[in-house]
Every structure is written in structure tokens, then in C-alpha cells.
Amino acid sequence: MFAKFLPSEYVLRYKKGKLVREGIGLSFFYWTKSTSACAIPVSNTDTDFIFEETTRDFQTVSIQGQLSYRILDYKKIAGAMDFTVDLKTKKYNNEPMAKLSKRIVNIAAVLIRSHIGSGTLKEAMQSGRSLAALVLEEMQNVPEIRDLGIAVTGFSLLKISANKETARALEAETREDILKQSDDALYLRRNASIEQERRIRENELSTEISVEEKKKQIRETEIQTKRMILEKENELARIEAESAAAREQLRLDNEIELERKRRELAELRLENARKDADAEAYRISAVMEAYGKLGAEVLVALATLNMEPEKMIAQAFDKLAANSEKIGTLNITPDLLESLKAG
């Protein structure tokens with residue numbers, strides 16, 4: 001008879017109990033009574049698992065996942081498990097792959113139990129990725145798996161969940177935590193808003209204070225400037241007043257000096273006049289004394305010397321008036337007066 005295997009199977013052909021040929025995807029003619037064969041999968045094998053474990057705080061968790069493994073040493077696995085196939089139907093006689101998968105899953109369950117049992121429910125439910133990586137590393141170093149000639153190529157935990165009652169309690173607790181966090185966030189936002197409003201108000205107050213300080217400085221500067229201007233004006237007024245007083249004093253001093261000089265001049269003039277008067281009096285006294293020694297006729301003659309005609313006529317009329325009782329008739333005509341004035 002003729003047998004042909006798939007390229008995904010590693011075939012070990014035995015004849016009378018002895019290995020006569022091996023390889024991937026073999027095909028051969030055989031004698032039914034003396035030939036047997038083992039077919040071992042070459043590709044990776046995936047198997048799902050789900051089981052329950054108890055945490056350190058006595059809570060039950062359901063663990064669901066998947067692992068992948070690959071057979072590396074076909075002779076070793078064939079010696080450990082029965083992979084004999086019916087050459088006619090190409091089916092296993094004892095379902096070795098199911099048994100192999102169960103054995104590997106049991107090893108994974110033992111490793112997971114050791115980690116789940118040492119932690120709390122919350123730790124277990126939050127440790128999915130790290131727990132999967134840790135279990136994969138440990139399974140690659142398990143002697144039993146190495147002795148089977150198998151390599152675990154992948155391990156993942158799809159879900160770690162608590163029972164419904166515990167899940168609802170956790171949900172309630174988580175919900176309360178979320179609500180509390182929401183309240184805390186609202187409180188923080190309100191506090192932040194109040195703090196921001198306080199800072200804005202402080203900035204506004206600081207700005208107002210700065211503006212008022214600037215205004216105060218400006219007012220003080222204006223007051224100081226006005227004070228300086230007033231002081232300068234007072235100083236100028238004082239200097240001007242002192243200058244005016246000095247000028248007035250100088251004017252008074254000049255006037256006093258002028259009056260003093262005028263007085264001295266008047267005294268000098270008076271003294272000169274007095275001296276002139278004394279000299280004139282002395283001259284007159286001398287002249288009178290000289291005239292006293294002369295007779296009346298001489299004096300009259302002297303008086304008429306250089307006398308104007310009008311005065312001489314007036315003097316003659318005066319004498320006539322004095323001796324009018326002795327004169328009988330006297331005719332004085334204008335012609336006579338003209339002739340006298342002409343003479």
C-alpha cells in the first residue's frame with residue numbers, strides 16, 4: 001500500500017519496530033503487517049485554556065488565555081508519547097496532541113497559581129501582561145517541557161476576572177473611587193479657579209496699588225516741584241526785595257548825601273552872603289562915613305550926577321511941591337516937559 005503525509009508533519013517510519021526512515025512529508029509504499037509510522041506536527045500548536053484560581057485574600061478569579069508551543073526534538077517526543085497514526089486514515093490512535101496540550105496547560109496553571117495565590121485580587125486583575133511575560137519565561141525553563149523536546153513560543157492572558165458579586169463590588173468601589181476622583185478633580189478645578197481668581201485679583205490690586213503709588217509719586221513730585229518753584233520765587237522775591245531795599249537805601253543815602261551837600265552849600269552860601277553883607281555893610285558904612293563928612297550941597301550934586309532926566313524932573317517937582325506956598329502961579333506945559341527931557 002502507499003502512504004503520503006503532509007509537509008506539516010514530521011514522519012518516523014518503523015519496520016518491525018525499527019526506525020528505517022524519517023523526514024518531513026514522507027511518502028512510501030508499505031506492508032501493513034510490518035510497517036508503522038509516527039506523524040508529529042512541525043508547525044506551532046496553539047491551545048486555549050480557562051481555569052479558576054484563588055488569590056491571597058481568598059477571592060476567586062477566572063483566568064483565560066492561550067499558549068503556543070512547538071516540537072523541536074521529534075524522536076524525544078515520540079519516545080515520551082504515542083504519536084502513532086493509522087496509515088490508512090492518517091489519524092492518531094490516542095490523540096497525543098490533546099494530551100500534550102493538557103500537560104503543558106497544567107504546567108502553566110501551576111505556575112500561574114503560584115503567582116495568583118501570592119497576591120490580592122486587585123493585584124491579580126492588574127497583572128495580566130507582566131504575569132504572562134513572567135510565566136512564559138518560567139515555562140521556557142521548566143525541565144519537564146525541555147525533556148519533552150518542546151519549546152513554548154508564546155503565552156498570553158486574555159482575561160483575568162472576578163466572579164459577578166465581587167466584580168460588582170469592585171465596580172462599586174471603583175465607581176466610588178472614580179466619583180471621588182471626579183469630586184476631587186472638581187474640587188481641585190474649583191480651587192484652581194479660586195486660586196486663579198485670587199491671583200488675578202491680587203494682580204489687579206497690585207496694579208491698582210502700583211498705579212496709586214505712581215500717582216502718589218507724581219503728586220509728590222508735583223508738590224515738590226511747586227515747593228521748589230515757590231521757594232525759588234520766594235528767593236527771587238527776597239533777592240528782589242533786598243535789591244529794592246538796597247537801591248532804596250542807596251537812594252536815601254544819596255539823597256541824604258545830597259541834602260548834606262546842599263546844606264553845606266547853603267551854609268557856605270549863607271556864610272558867603274553873610275560875608276558879602278558884612279563887606280557891603282562895611283562898604284556902606286565907609287561910604288556913609290565919607291558922605292557924613294561932605295556938605296548937603298555936595299551930596300545933592302553927587303546925587304544928580306549921572307541921574308536920568310525923568311528922575312531929575314521928578315526930584316525938581318518934589319522940591320517945588322515942598323515950597324508950593326511960596327509959589328504964586330506955575331505953568332508947566334507938555335512942551336516944557338519935552339524940552340526938559342530933551343535937555
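Arg260 is partly exposed, with a relative accessible area of 28%, and in this predicted model its side chain meets that of Glu257 in a salt bridge with a distance of 1.9 Å from N to O. Glu257 is likewise partly exposed, at a relative accessible area of 30%. Both Arg260 and Glu257 belong to helix 6, where they lie three residues apart, or about one turn of the helix.

The side chains of Glu255 and Arg251 form a salt bridge with an N to O distance of 2.3 Å, and the two residues are placed four residues apart in helix 6, about one turn of the helix. Glu255 counts as partly exposed, at 36% relative accessibility, and Arg251 counts as partly exposed at 36% relative accessibility as well. Glu242 forms a salt bridge with Arg238, in which the closest N and O atoms are 2.5 Å apart; these residues, too, both lie in helix 6, which spans residues 164–292, and they are separated by four residues, about one turn of the helix. Glu242 has a relative accessibility of 45% and therefore counts as partly exposed, while Arg238, with a relative accessible area of 38%, is also partly exposed. In the structure as a whole, 14 salt bridges are found.

With regard to the overall architecture, the protein contains nine helices and eight strands. Of its 343 residues, 22% count as buried. Among the contacts in the protein with a separation of 6 or more, 62% are accounted for by residues 24 or more positions apart.

Three of the strands form an open sheet in the order 3-2-5, and their pairing is antiparallel. The edges of this sheet are strand 3 (18–24) and strand 5 (35–41), each of which pairs on one side only. From one strand to the next, the twist averages 20°. Strands of a sheet pair through backbone hydrogen bonds, in either a parallel or an antiparallel arrangement. Strand 2, comprising residues 9–15, pairs with strand 5 in the antiparallel sense over seven bridges. Within this pairing, Leu12 stands opposite Cys38 of strand 5, and Tyr14 has Ser36 in strand 5 as its bridge partner. Although strand 5 is an edge strand, six of its seven residues are buried, so strand 5 is largely enclosed by the rest of the structure.

A further strand, strand 6, covers residues 45–54 and includes Thr45. Thr45 has a relative accessible area of 18%, and it is buried because this value is under 20%. When residues up to four places away in sequence are not counted, Thr45 touches Leu67, Ser68, Tyr69, Met97 and Ser101.

Aromatic side chains were also examined, and a search of the whole structure finds seven aromatic pairs. One of these is formed by Phe83 and Tyr92, whose rings are 5.9 Å apart from centre to centre, with 80° between the planes, in an edge-to-face arrangement. The pair is assigned to this class because an angle over 60 degrees between the planes counts as edge-to-face. Phe83 itself has 0% relative accessibility and therefore counts as buried. Ring pairs also link Phe5, Phe28 and Tyr30 into a cluster. The ring of Phe5, which belongs to this cluster, additionally has the charged end of Lys90 over it, at 5.6 Å from the ring centre.

Key: Residues numbered from 1 in each chain as written. Predicted model: local features only at pLDDT ≥ 70, side-chain atom pairs only at ≥ 80, totals over all residues. Heavy atoms only, no water. Phe/Tyr/Trp six-rings, centres within 6.5 Å; stacked < 30°, edge-to-face > 60°. Buried < 20%, exposed > 50% of the residue type's maximum accessible area, 1.4 Å probe, protein only. Lys NZ or Arg CZ within 6 Å of the ring centre and 35° of its normal. Pairing = 2+ DSSP bridges. Axes fitted to C-alpha atoms, helices over the stretch in contact; angles between N-to-C directions. Contact = heavy atoms within 4.5 Å. Salt bridge = Lys/Arg side-chain N within 4 Å of Asp/Glu carboxyl O.
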